[in-house]
Amino acid sequence: MSTYSVSDASAAAGQAAAGVSPGWLEKLRSGGYGAGLAAGAAWLAFGASCLYWEDLGDWSRTNGVAIGAFLIAALALLGTLGADFLGGAGVALRRRAPWLVALGSFLTLWEIATAKFGWLPLPFFPPPQAIVEVYTDDLPKLFNSVIASVKLQLGGYIIGAAIGFLTGVSIGWSQKVGYWVHPVLRFIGPLPATAWLPFAFFTFPSSWSASTFLIALATGFPVTVLTWSGVASVPNAYYDVARTLGAKPSFLVLKVAIPAALPHVFVGLFMGLGSSFAVLVVAEMIGVKAGLGWYLQWAQGWAAYANMYAALIVMSLLCSGAITLLFKTRDRLLVWQKGVVKW
């Protein structure tokens, strides 16, 4: 027996007369559109908070920040209402909508607490438009600092990863090499790389080469240990099968031991990347006269806290991007382990 009633027909007719489909209202009631609409409202509130009250300070990017907030709100609203027609982009928008709500709400509170009412003391807590002003007015100096940091980080990391990989393979494969290298590794490895700062800056001819050495040292130890562990943990049955087929020692190392140890190698590369970034900042603050660490020190010395926060954001994005790139490389090389480790 049908349960369709006159009231249901009246409701559907009312929705049709209003130009609204029943499916749209159903999704709104179930929360399918709720987060996206809330995201648009949060960014509208952020833009309105920029324009409604006068700034306590002289920041030239307030109107630009408000316009950007209104544009993001419009995109969030349009993307939410048209998510069914956007395919994968619509799914991604719905998944990230709660974060857009949180970010818009945070920026609104940040704007009110700093630029409008001064609840947080200046200049220690600059408003959002002050950060944007750094990216527009001080972009050349910040960009040069990023390039200098990338060069220094990349050089030290590649050297440390290469030496650590070769050392780890040698220790895991040869007992004679392990006899001589293992004690040295146990003596040097546990020490923080920053503890070698006086030795490095005294020994090497320039602060750049000394910093490269420290970054390589911070990278090399975890790569060595994890590569050694990976090679040592390869089952003997793999070698027996290869020897049965006539494999030479070089084939056993290159085609059996190293491929089997790659999951451990990438764990060491991840750990080395985090350690190398920490050493990079310290080295640039103390010895190198370029880079994001130097920029942080310069900004702190001039009480330019907006510049300092802007540099921290850039540094965070660089580190996150480097780890993401390393994960994508790992997933491409180790297809059978794709998705085992998330980032």
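Me: How many aromatic pairs does the count come to in this structure?
Reply: Happy to start there. This is a predicted model, in which local features need pLDDT of at least 70, side-chain atom pairs count only at pLDDT 80 or more, and totals for chains, interfaces and linings use all residues. Residues are numbered from 1 along each chain as its sequence is written, and side-chain values use heavy atoms, with hydrogens and water left out. Rings of Phe, Tyr and Trp (its six-membered ring) pair if their centres lie within 6.5 Å, and by this rule the aromatic pairs number 13.

Me: Are the rings of Tyr179 and Trp180 stacked, tilted or edge-to-face?
Reply: Planes under 30 degrees apart count as stacked, over 60 as edge-to-face and the rest as tilted. The ring centres of Tyr179 and Trp180 are 5.2 Å apart and the planes stand at 90°, so this pair is edge-to-face.

Me: Is Phe199 buried, exposed or partly exposed?
Reply: Buried means under 20% relative accessible area, exposed over 50%, and partly exposed in between (1.4 Å probe, protein chains only). Phe199 has a relative accessible area of 41%, so Phe199 is partly exposed.

Me: At which residue does α10 bend?
Reply: Helices are DSSP runs (H or I, at least four residues), numbered from the N terminus, and α10 covers residues 207-232. The bend is the angle between axes fitted to the seven residues ending at a residue and the seven starting there. In α10 the bend is about 25°, with Pro222 following within four residues, and its site is Gly220.

Me: Which element gives the most to the largest nonpolar core?
Reply: A nonpolar core is a set of buried Ala, Val, Leu, Ile, Met, Phe, Trp, Tyr and Cys residues joined through side-chain atoms within 4.5 Å. The largest has 25 residues, and Leu273 is one of those with the most contacts inside it. Elements giving two or more residues to this core are α7 (139-173), α9 (197-203), α10, α12 (249-286) and α14 (305-333). With eight residues, the one that gives the most is α12.

Notes. Expected span 1.5 Å × (residues − 1).
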